[in-house]
Amino acid sequence: MNKKNFVFELIKSLQMSEKRYFKVFVHQNNKKEDPVYLRLFDLYDQSKEYDKKYIVEQMINGVGNNNQPTIESRNNYLYNLILKSLRSYNAGKTASRQIVELLLNVDALFEKGLIEQSQKQLMKAEKIVQKYELFHFSTEIDFWMIRLINSGFGNQTSLDTHKQFVKDCNVKLDFVKDYYQLWNVSKQVKLMHAGRNLRNTLSTETSHELIEELRGLKDKYNSFVFNSNFGILDASQHYYSNNFKEYYRIYKEQIQYWNEFPHQKKERIDLYINVYNNFMNACFLIGKFDELKIHLEIFKEIPQKLR
C-alpha cells in the first residue's frame, strides 16, 4: 500500500482555477524558482494515485543523490508553496481572511512606527468581527489595541477614549465568556444526542436543562450565533424524541433565518450546508416530498466542493 502523501492529496483537491493560479503565482513571484517544482506538481497532478517510486523515476536531475534535495524535502517545499499560492488566491474572499490580512497590516505598520495607520487597520478588523460575530478574533484585536495605546497612540487620545476602550473590553469579555459557554453546552448536548442517551430519563432531563440554559443565553443577546445554535440543538432533541413535525418546523424556521443573513451564509457555509441537509431530512421524515424536491434543486446551487 502506498504511503499517504500530503502534497499529493492537496494537489488532487485543487480546482482547475487554483491549479492555473499556482503556476502563474510561481512565475510571477518566484522567477528564480527551480522549474523542478513545477514538474513535480505536474507529475502529481497527472497521477491517479501516489507512487513514490514512479515519481522518483520520472524526476530528472538525480533526485535523492548527494548533490540534490531528496524527494521528501522537495515535497515539503512544494506543499508550502501551494499553500502560499492558495492564501493569495483566496485573499479577502471571506470575512475571516479579511481580518487576518488586516491584522498582518497592523503588524507591518506597527513595525514601521506608523501607529495611527495601524489603529485604522485595527478598527476595520474590529468592525468585521462585530458584523460577522467572529469573536475568536477579539482577544488578538484587544491585545493590539493595548500595544498601540502603550506605543504612542495613547498620547493622541483622551482619557475618555481610554475609559471607553476598557468599558468595551469588559462588555466583549462578558460576551466571549457566554460565547464559549454556548460552545461548551452545545457540545454536551450533541454528545448526548450522538450517543442517543435521551432514552435514559436522567439524560433526557439533563438535556432539557442544558437546552434551557442555551435559551437563556439566546434571549440575552440579539446574536446570529446564539440564535442559530439554539435552533439546531432545540431541533435535535425533537428528532431523538421522534417528534419529526416539530423537528421539521424548527429547521424550516432556521432556513428562513439564515436566508436573512447572506453574509453569514457565505462566512459559515459549512454550517449552512449542515442546516440544509437536516431540513431536507426533516422533509423526508414527514413525507413532504414535493418540498424536498424543490429544495434539492436549490441545494445543487451550492458549490460541489462545499457539500
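## Overview

Helices here are DSSP runs of H or I with at least four residues, numbered from the N terminus. With that in hand, welcome to the model above, which is predicted. The protein has 15 helices and zero strands. It contains 307 residues, and 42% of them count as buried.

How much of the contact pattern comes from residues 24 or more positions apart? Among contacts with a separation of 6 or more, such pairs account for 61%.

## Salt bridges

Side chains of opposite charge can pair when their charged atoms come close. How many salt bridges does a search of the whole structure find? The search turns up 10 salt bridges.

One of the pairs found is E72 with K52, whose closest N and O atoms are 2.4 Å apart.

E297 is partly exposed, with a relative accessibility of 45%.

## How helices pack

Two packed helices are described by the angle between their axes and the distance between the axes. Take helix 6 (residues 95–111) and helix 8 (residues 138–150): their axes come within 11 Å and cross at roughly 20°. Angles under 35 degrees count as roughly parallel, and helix 6 and helix 8 are therefore roughly parallel to each other. The crossing of helix 6 past helix 8 is left-handed. On the helix 6 side, L103, V106, D107 and F110 take part, meeting E140, I141, W144, R147 and L148 of helix 8. By class, this contact has six nonpolar, three charged and no polar residues.

Helix 3 (residues 36–46) and helix 5 make another pair to look at, with axes that come within 10 Å and cross at roughly 85°. Is helix 3 roughly parallel or roughly perpendicular to helix 5? That angle makes helix 3 roughly perpendicular to helix 5, as angles from 65 to 115 degrees are classed that way. Here V36, Y37, L40, F41 and Y44 in helix 3 meet I71, R74, N75, Y77, L78 and I82 in helix 5. By class, the contact has nine nonpolar residues, one polar and one charged.

S138 lies in helix 8. At 2% relative accessibility, S138 counts as buried. Which residues does S138 touch beyond its neighbours within four places in sequence? S138 is in contact with V129, K172 and V176.

E133 is found in the loop between helix 7 (115–132) and helix 8. Most residues other than glycine have a negative phi. E133 is not a glycine, yet its phi is positive, about 55°. E133 counts as buried, with a relative accessibility of 10%.

## Residues around helix 12

N242 is another residue with a positive phi, about 60°, although it is not a glycine. N242 is located in the loop between helix 11 (224–240) and helix 12. Is N242 buried or exposed? With a relative accessible area of 57%, N242 is exposed, the cut-off for that class being over 50%.

F261 lies in the loop between helix 12 and helix 13 (262–267). F261 is partly exposed, at a relative accessible area of 24%. In sequence, F261 and Y132 are 129 residues apart, while in space their C-alpha atoms are 9.7 Å apart.

Definitions and conventions
Residues are numbered from 1 along each chain as its sequence is written. This is a predicted model: local features need pLDDT of at least 70, side-chain atom pairs count only at pLDDT 80 or more; totals for chains, interfaces and linings use all residues. Side-chain values use heavy atoms; hydrogens and water are left out. A salt bridge is a side-chain nitrogen of Lys or Arg within 4 Å of a carboxyl oxygen of Asp or Glu. Buried means under 20% relative accessible area, exposed over 50%, partly exposed in between (1.4 Å probe, protein chains only). Axes are lines fitted to C-alpha atoms, for helices over the stretch in contact, and angles run from 0 to 180 degrees between N-to-C directions. Helices (H or I, at least four residues) and strands (E, at least two) are DSSP runs, numbered from the N terminus. Angles under 35 degrees count as roughly parallel, over 145 as roughly antiparallel, 65 to 115 as roughly perpendicular and the rest as oblique. A crossing is left-handed if the near helix is turned anticlockwise from the far one by less than a right angle, and right-handed if clockwise. Contact means heavy atoms within 4.5 Å. Ala, Val, Leu, Ile, Met, Phe, Trp, Tyr, Cys and Pro count as nonpolar, Asp, Glu, Lys and Arg as charged, and the others, Gly among them, as polar.
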